[in-house]
Amino acid sequence: MEYVLIIIAAVFVSNIVLNQFLGICPFIGVSSKVETALGMTGAVTFVMVIATLVTYLIYQGILVPFDLTYMRTITFILVIASLVQLVEIILKKISPPLYQALGIFLPLITTNCAVLGVAVLAVQKDFNLLGSTVFAIGNALGFGLALITFSGIREQLDLLNVPRRMKGVPIAFIVAGLMALAFMGFAGMV
Amino acid sequence: MNQWKNFSKGFIRENAVFSLFLGLCPTLGVTTSAVNGLAMGLATTFVLVMSNLVVSLVKNLIPNKVRIPSFIVIIASFVTVVELVMKGYVPVLFDALGLFIPLIVVNCLVLGRAEAFASKNSTWSSLVDGMGMGLGFTMALTILGTVREILGSGAFFGMKMISGDAMLLFILPPGAFIALGYLILLANILKEKTT
Amino acid sequence: MAKKESTFLNMLLTLFLVTLLAAGLLGSVYSLTKEPIRLAELERKNEAIRMVVPEFDNEPSLDVVKKYVDGDTLYFYTARKDGDVVGIAVETFTNEGFSGKFKLMVGFKPDNTISDIAVISHAETPGLGDKMEQDKSEFSHQFRGKDPATFKLSVKKDRGDVDAITASTITSRAYCDAVQRAYDALMNLSTSDF
């Protein structure tokens, strides 16, 4: 039950994009088509879950015992950067179709603050190993939900008569604001 | 290269937030008050200037293929320096900015300038570029913070102007998106007027 | 100077050197800032203690009992005047805040009523959750003089006695959670611990 709550909280109540403001760059950048949004979600989910798991083990196994927690930021970002490279190489070898689908998004993920953000938050929130993994999955789902819904809306938006200067990014932000407002309705759930 | 142009481009024409749409996470996340926006902007500027400086100094010593990892290590080091210094000397601000301080590492603006500018240009130009882009980013965050603080808490840099609550929406997440949307619209109009 | 070739040895050496220098820089900055960080934290603690207990003449930050509860440590600072206990400041925490963990200092009088509460550190939203700070709204004042044995420490929405901060129910709930934790732990300590 505790884990179900973690997932619900991460997906709806404190949605990583609309409430925590992590991963805004891909949210605005790759959300003009549903198809690319799906690809990005896949890649982020993959990396986020593995990265949270690995950084958790490194943090609890190395940084805490040796009193090196001030090295957290630099260690985590290096782990994530190498992980992304590793995932890219492995995917290319074992699953070319998957690589085709996710490949172009992988390099972008190193600088996706959602991945580093979730890794840091999982450590800060004092979850255990399973809790951290569940937390990462929940946040990946939340990221996907926000990104895919948003890209659906933006596809429709292209067909509408938006004032010229509002076209593109400004109107996207207003729409995102309204979505965030809708998500605030979930606040009472947990 | 005209250094004044190089410096001033970061404010409107190539402003990180209003024109390039980089570094949006901290832009939205910390701007619930003007002071937070200003502090975040300055912290980012420090990292940006230092990483631009170091990257432009060592650009010829680093083999091409390990360029990005090396840049990330350099940036992450300066971010940690900022973290430690803020924790020691301005702990209240450190708490308020929270998660977004370590996240300067993944601010696309910082890595973007290291990769696109500092690794190709002279040290002096890179320094000026870092200053300009950083201060432009700071300006954007402070403006957004001021707007949200005035509308949302009825205060200006912490000075309360009305009693009681204002439009709370603007300090809540939806208000961040909406305020930024309108500010980008304003910036677009401004750009059209000046060119 | 010509650009270095991307040979294996070159790459290995470069990355090794870069990380070595980075580690050196961080290590030295860490040792330089260690003392200021410790002092800053101590100062905040002392300030919070002064805010929540009646006047004292000892050094409560040295007169401390620790207790491990719910995954973190609670600290009990005893304030004395002329040798008599005038209050106990409990450094407590909650993980339920809107932006994660935050820490409070709860002052209790010898009769176990709350004397006052101050915030030690938090990352709650400015203009919303940060109204739990003493000087930002009346929220924390409602706890003064209350006895948690009769005053139910949860928000009115959850059938408690606490008026929540407008639009910050999560923060208010977390605040109650922290205070309750302090009270429960205090009740579990025997008087001989002080």
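How much area is buried between chain C and chain A, and what share of it do carbon and sulfur atoms give? In this predicted model, in which local features need pLDDT of at least 70, side-chain atom pairs count only at pLDDT 80 or more, and totals for chains, interfaces and linings use all residues, side-chain values use heavy atoms, with hydrogens and water left out. Residues are numbered from 1 along each chain as its sequence is written, while chains are lettered from A and ligands numbered from 1 in the order in which they are written.

The area buried between chain C and chain A is about 730 Å², of which carbon and sulfur atoms give 62%; buried area here is the accessible area (1.4 Å probe) that two parts lose on being put together, summed over both. On the side of chain C, Leu26(C), Tyr30(C) and Phe98(C) lose the most area to chain A, together 48% of what that side buries. Eight residues of chain C are in contact with seven residues of chain A, contact meaning heavy atoms within 4.5 Å. Between these two chains the count is zero salt bridges, a salt bridge being a side-chain nitrogen of Lys or Arg within 4 Å of a carboxyl oxygen of Asp or Glu. Helix H1 (residues 8–52) of chain C gives the most to the side that touches chain A, with five residues, helices being DSSP runs (H or I, at least four residues) numbered from the N terminus. By class, this side of chain C has five nonpolar, one polar and two charged residues, where Ala, Val, Leu, Ile, Met, Phe, Trp, Tyr, Cys and Pro count as nonpolar, Asp, Glu, Lys and Arg as charged, and the others, Gly among them, as polar.

The interface of chain A and chain B takes 37 residues from chain A and 37 residues from chain B, and the two chains bury about 3,200 Å² between them, 84% of it on carbon and sulfur atoms. Phe21(A), Arg165(A) and Phe173(A) supply 22% of the area that chain A buries against chain B, more than any other three residues. Three salt bridges are found across this interface; Arg165(A) forms a salt bridge with Glu192(B), with the closest N and O atoms 3.0 Å apart. Helices H2 (24–29), H4 (72–94), H7 (113–124) and H9 (169–184) of chain A each supply at least two residues of the side that touches chain B, and H9(A) gives the most, with nine residues. That side of chain A divides into 26 nonpolar, eight polar and three charged residues.

Over all chains, the salt bridges come to 20. Within chain B, Lys9(B) forms a salt bridge with Asp129(B), the closest N and O atoms being 2.7 Å apart; this pair links distant parts of the chain, 120 residues apart, with Lys9(B) in the loop between helix H1 (3–8) and helix H2 (24–29) and Asp129(B) in helix H7 (residues 123–153).

Also in chain B, the axes of helix H3 (residues 34–58) and helix H4 (residues 67–89) come within 9 Å and cross at roughly 145°, the axes being lines fitted to C-alpha atoms over the stretch in contact, with angles from 0 to 180 degrees between N-to-C directions. Residues that meet in this pairing include Phe46(B) and Met50(B) in H3(B) and Phe71(B) and Phe78(B) in H4(B). The residues of this contact divide into 13 nonpolar, one polar and no charged.
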